[in-house]
Amino acid sequence: KMPGVAVLRSHGGRVRALHQGELCVDIAVIAAPTADEFGNCNGVGGPSACGPLSYAHADALLAKTVIVVTDHLVPFPVVPISIPGSQVDFVVVVESLGDPSKIVSGSVQVEQSARSEAIAG
């Protein structure tokens, strides 16, 4: 049994709670597929490109400390800038942000049937 109360929020509900001060983020660690040495970053370049870093914007803006972790450090400036370096405290370069194939597990499975491909496509 878990002590206390768990509050589940949608992504939008979490952002609202952050902006209204209901939640406080001490440390935000943002995996950014591309960054420069000043912390400007985006999710559209590099070997780990994932698309926009939309959900990380509120964390970058409101966290007490923001760490950008990247596996693709580029010369200043990153273009386009999704999260500006003015919101970032530290940049950490790693060999790889991870293996996307290992994100799928448990109840979340990649469907490989022709029918599912037709629906998705």
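**View 1. Glu 22 and its two arginine partners.** Glu 22 is partly exposed, with 45% relative accessible area. The model shown here and in the other views is predicted. One partner of Glu 22 is Arg 9: their side chains form a salt bridge with an N to O distance of 3.4 Å. Arg 9 sits in the segment before helix 1 (11–19), while Glu 22 belongs to the loop between helix 1 and strand 1 (27–31), so the bridge ties together parts 13 residues apart in sequence. Arg 9 is partly exposed as well, at 34% relative accessibility. Arg 16 also bridges to Glu 22, here at 2.9 Å from N to O. Shared partners join Arg 9, Arg 16 and Glu 22 into one salt-bridge network. Arg 16 is partly exposed, with a relative accessible area of 39%.

View 2. Arg 14 and Asp 59 form a salt bridge, with the closest N and O atoms 2.7 Å apart. Arg 14 is in helix 1 and Asp 59 in helix 2 (residues 57–62); the two are 45 residues apart, and the pair links distant parts of the chain. Asp 59 has a relative accessible area of 11%, which means it is buried, as the limit is under 20%. The salt bridges in the model come to four.

**View 3. The largest nonpolar core.** This core has 16 residues. Those with the most contacts inside it are Ile 30, Cys 41, Val 66, Val 68 and Ile 83. Strand 1, helix 2 and strand 4 (65–70) each contribute at least two core residues.

**View 4. The surroundings of Ile 30.** Which residues does Ile 30 contact, once neighbours within four places in sequence are left aside? The list holds Ala 56 and Ala 60, then Val 66, Ile 67, Val 68 and Val 69, and finally Ile 83. Among these, Val 66, Val 68 and Ile 83 are also named with Ile 30 as having the most contacts inside the core.

View 5. Asp 71 lies in the loop between strand 4 and strand 5 (90–93). Its relative accessibility is 14%, so Asp 71 counts as buried. What does its side chain reach? The side chain of Asp 71 makes a polar contact with that of Ser 48 at 2.5 Å. The Asp 71 side chain also reaches the backbone nitrogen of Leu 97, at 3.2 Å. Sequence neighbours within four places aside, the contacts of Asp 71 include Ala 32, Pro 33, Pro 47 and Ser 48. Val 94, Glu 95, Ser 96 and Leu 97 are in contact with Asp 71 too.

**View 6. The whole chain, for orientation.** The protein chain has three helices and five strands. From the N terminus, the order is α-β-β-β-α-β-β-α. Of its 121 residues, 29% are buried. Among contacts with a separation of 6 or more, 68% join residues 24 or more positions apart. The accessible surface comes to about 8200 Å². Carbon and sulfur atoms account for 58% of that surface.

Methods. Residues numbered from 1 in each chain as written. Predicted model: local features only at pLDDT ≥ 70, side-chain atom pairs only at ≥ 80, totals over all residues. Heavy atoms only, no water. Helix = DSSP H or I, 4+ residues; strand = E, 2+ residues; numbered from the N terminus. Buried < 20%, exposed > 50% of the residue type's maximum accessible area, 1.4 Å probe, protein only. Contact = heavy atoms within 4.5 Å. Areas by Shrake-Rupley, 256 points an atom, 1.4 Å probe, with all protein chains shown as cover. Core = buried A, V, L, I, M, F, W, Y, C linked by side-chain atoms within 4.5 Å. Polar contact = N/O pair within 3.5 Å; in protein donor to acceptor, adjacent residues only side chain to side chain.
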